[in-house]
Amino acid sequence: MEHTILITSQTERVVTDTKTLPFGKVPTEHMFIAEYSDGKWQNARITPFQDLVLSPLSLCLHYGQTVFEGMKAFVMDNGKISIFRMDKHHERFLKSLERMCMPSVPKKLFTEAIRQLVELDADWVPRGDGSLYIRPFMIATEPRIGVKISDEYLFMVVCSPAFQYYTNPLKVKIETTYVRSANGGTGTAKCGGNYGGAFYPTQLAKEAGYDQVLWTDAVHHEFIEESGTMNAMFYINNTLITPELSGTILDGVTRDSLIAIAHDLGVTVETRQMSYNELINAFENGVRVEAFGAGTAAVVAPIEIIAIGHKEYKCYIEPDAMMFKLQKALLDIRKGVAEDKHHWNFTL
Ligand code: COI
């Protein structure tokens, strides 16, 4: 193997009852870490989960050169562990890294780091309806206050047991003042700054009684982009509609998987621009509207209320909704209950 991963001492931490803990709060016992300097990755190792020592001058702390991924591992019905869509996550990671001028991580290093870490912490992958959330990420560590592309990085992977991200259907607000991303910006990269920049408008929405914002485009403030930390999807008039990958939204792996599943189920899919006026029309004409967020952490997050201007509209969230059929079909593939015809499961 090109990169040998050393496993340092074991720790005493044991699996605890994590089901009631908030998402991402409890790390598993180990983490993966590799250093980039002199133009190459070195010292790839799995260590007990531990704090980092960083220079206060580290470039990531000042100029936001950070990129991350979010992935999941599942215990399948046959007891084996599977990691969902490693290849697609790696591809997206590389695109984000390129956009942020950060070094590429070879597929072998990415895959082996995650495979060996998940294998070692296999007892932490929840059985039943939970999953192990896997967070690969990279930060710029060169100690320099001068504004520059870092010459040094850390690539790390940490994991945390995950259950339901949202426990209740969401109330969202169409956002027409603040924007998440503009053409030519970093909207399609999974970089930390996209999330930090969303905090303020999301906080305002929360103060107004909503869970999340539904972002609109930066030019017209009219076309739907994505919802909080998820892609936005709608099911209206027997058609699954989701904004196209125009360069401002994230190429969500769950979004992509649900589109493929919808095709498999014979559902009409449209990936295109969608004005919030189209939603208003549907609501005001009594058309049934399903709306949901799709993301690795949230999977399928039903949206119950959409506020557009001063008016609130109610979406369809009954158990026979299409979003739940898609969600179940996805889960069945992950659990090995349904055929994995797209070869999405990387089985350990
Ligand atoms: C994910 O769904 O994996 C995300 O990255 C969203 C959030 C947890 C940051």
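Visitor: Which side chain meets that of Glu69 in a salt bridge?

Guide: Please bear in mind that this is a predicted model. Side chains of opposite charge can pair when their charged atoms come close. In this case, the partner of Glu69 is Arg92, with 2.8 Å from N to O.

Visitor: Is Glu69 buried or exposed?

Guide: The criterion for a buried residue is a relative accessible area under 20%. Glu69 is buried because its relative accessibility is 0%. Arg92 is likewise buried, because its relative accessible area is 7%.

Visitor: How many salt bridges does the structure hold?

Guide: The structure holds 18 salt bridges. One of them joins Glu304 and Lys314, with an N to O distance of 3.3 Å. Glu304 lies in strand β16 (residues 299–308) and Lys314 in strand β17 (residues 311–314), so this pair ties together parts that are 10 residues apart in sequence. Glu304 counts as partly exposed at 25% relative accessibility, while Lys314 counts as exposed at 55%.

Visitor: Which residues are linked with Glu142 in a network of salt bridges?

Guide: Arg144, Lys148 and Asp151 are linked with Glu142 in such a network. Between Glu142 and Lys148, the closest N and O atoms are 2.6 Å apart. Glu142 is buried, with 6% relative accessibility, and Lys148 is partly exposed, with 26%.

Visitor: Let us turn to the backbone. What is the phi of Arg85?

Guide: Arg85 has a positive phi of about 50°, although this residue is not a glycine. Arg85 is located in the loop between β6 (81–84) and α2 (86–99). With a relative accessibility of 12%, Arg85 counts as buried.

Visitor: Where is Asn238 found, and is this residue buried or exposed?

Guide: Asn238 occupies the loop between β12 (230–236) and β13 (239–242). Its phi is also positive, at about 60°, although Asn238 is not a glycine. The label for Asn238 is exposed, because its relative accessibility is 58% and the cut-off for that label is over 50%.

How values were computed. Residues numbered from 1 in each chain as written. Predicted model: local features only at pLDDT ≥ 70, side-chain atom pairs only at ≥ 80, totals over all residues. Heavy atoms only, no water. Helix = DSSP H or I, 4+ residues; strand = E, 2+ residues; numbered from the N terminus. Buried < 20%, exposed > 50% of the residue type's maximum accessible area, 1.4 Å probe, protein only. Salt bridge = Lys/Arg side-chain N within 4 Å of Asp/Glu carboxyl O.
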